[in-house]
Amino acid sequence: QVQLVESGGGLVQAGGSRTLSCAASGRAASGYAMAWFRQAPGKEREFVATITWQGRSTIYADFVKGRFILSRDIAKNTVALQMNSLQPEDTAVYYCAAGTYTAARSGYDYWGQGTQVTVPS
């Protein structure tokens, strides 16, 4: 089992930045790719970004390329999603996930509880 705990959500002004963190614990937690998904009210959960367990490769959704940066601290078993130039459409609950290195939601076996990010219009 892998436990994931997100932190860092909150209210951010449009154009501002925020960094989300996800701490993984449990058996073999370091061996999984880790990703962020998000879900806005009334919408499906969508892929944001993922990083390999070594932290060497990343995949980003088109709508965050150039704005978000995903990084991993292997020693601490954490990932950080730095979000820049936030816009109201980025408002969502952001979920951390651990699993296979893929943009597909089905590739992830473990999920955190989510952290809310709100960007007022």
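**Strand pairing, nonpolar core and aromatic contacts**

Strands β4 and β9 run antiparallel and are joined by 7 bridges; strands here, like helices, are DSSP runs numbered from the N terminus (E, at least two residues, for strands; H or I, at least four, for helices), and two strands pair if DSSP finds at least two bridges between them. The model is predicted, with local features requiring pLDDT of at least 70 and side-chain atom pairs counting only at pLDDT 80 or more, whereas totals for chains, interfaces and linings use all residues. Residues are numbered from 1 along each chain as its sequence is written, and side-chain values use heavy atoms, with hydrogens and water left out.

Strand β11 covers residues 115-118 and pairs with β9 in the antiparallel sense over 3 bridges. A further 3 bridges join β9 to β10, again antiparallel, and here A97 stands opposite W111 in β10. Strand β9 is mostly covered, with 7 of its 8 residues buried. Buried denotes under 20% relative accessible area, exposed over 50%, and partly exposed the range in between (1.4 Å probe, protein chains only).

An open sheet of 4 strands was also found, with the order β1-β3-β8-β7 and antiparallel pairing. Its edge strands are β1 and β7, each of which pairs on one side only. Neighbouring strands of this sheet are turned by 15 degrees against each other on average, direction ignored; the axes are lines fitted to C-alpha atoms, for helices over the stretch in contact, and angles run from 0 to 180 degrees between N-to-C directions. Inside the sheet, β3 and β8 run antiparallel and are joined by 6 bridges. S21 stands opposite A80 in β8.

The largest nonpolar core has 34 residues, and those with the most contacts inside it are L4, M34, W36, L81 and Y94. Such a core is a set of buried Ala, Val, Leu, Ile, Met, Phe, Trp, Tyr and Cys residues joined through side-chain atoms within 4.5 Å. At least two core residues come from each of β1 (2-7), β3 (18-26), β4 (33-39), β5 (46-51), β7 (68-73), β8 (78-83), β9 (92-99) and β10 (108-111). Strand β9 gives the most to this core, with 5 residues. With neighbours within four places in sequence left aside, L81 is in contact with R18, T19, L20, W36, V48, F68, I69, L70 and Y94, contact being heavy atoms within 4.5 Å.

R18, one of the contacts of L81, lies in strand β3. R18 is partly exposed, with a relative accessible area of 27%. Apart from neighbours within four places in sequence, the contacts of R18 are G8, G9, G10, L11, V12, L81, Q82, M83 and L86. R18 and S85 are 67 residues apart in sequence, and their C-alpha atoms are 9.2 Å apart.

Aromatic rings were examined next. Rings of Phe, Tyr and Trp (its six-membered ring) pair if their centres lie within 6.5 Å, with planes under 30 degrees apart counted as stacked, over 60 as edge-to-face and the rest as tilted. By this rule there are 5 aromatic pairs. The ring centres of F37 and F47 are 5.6 Å apart and the planes stand at 75 degrees, so this pair is edge-to-face. The pair links distant parts of the chain, F37 in strand β4 and F47 in strand β5, 10 residues apart. F37 is buried at 1% relative accessibility, and F47 is buried at 11%. Y108 and W111 form an edge-to-face pair, with 6.4 Å between centres and 70 degrees between planes. In this pair Y108 is buried, with a relative accessible area of 4%, whereas W111 is partly exposed at 26%. Ring pairs link F37, F47, Y108 and W111 into a cluster.

Two arginines lie over ring faces, a charge being placed over a ring if NZ of Lys or CZ of Arg is within 6 Å of the ring centre and within 35 degrees of the ring normal. R45 lies over the face of Y95, at 3.6 Å from the ring centre. R105 lies over the face of W111, at 5.9 Å from the ring centre.

V64 counts as buried, at 0% relative accessibility. V64 and I51 are 13 residues apart in sequence and 14 Å apart in space, C-alpha to C-alpha.
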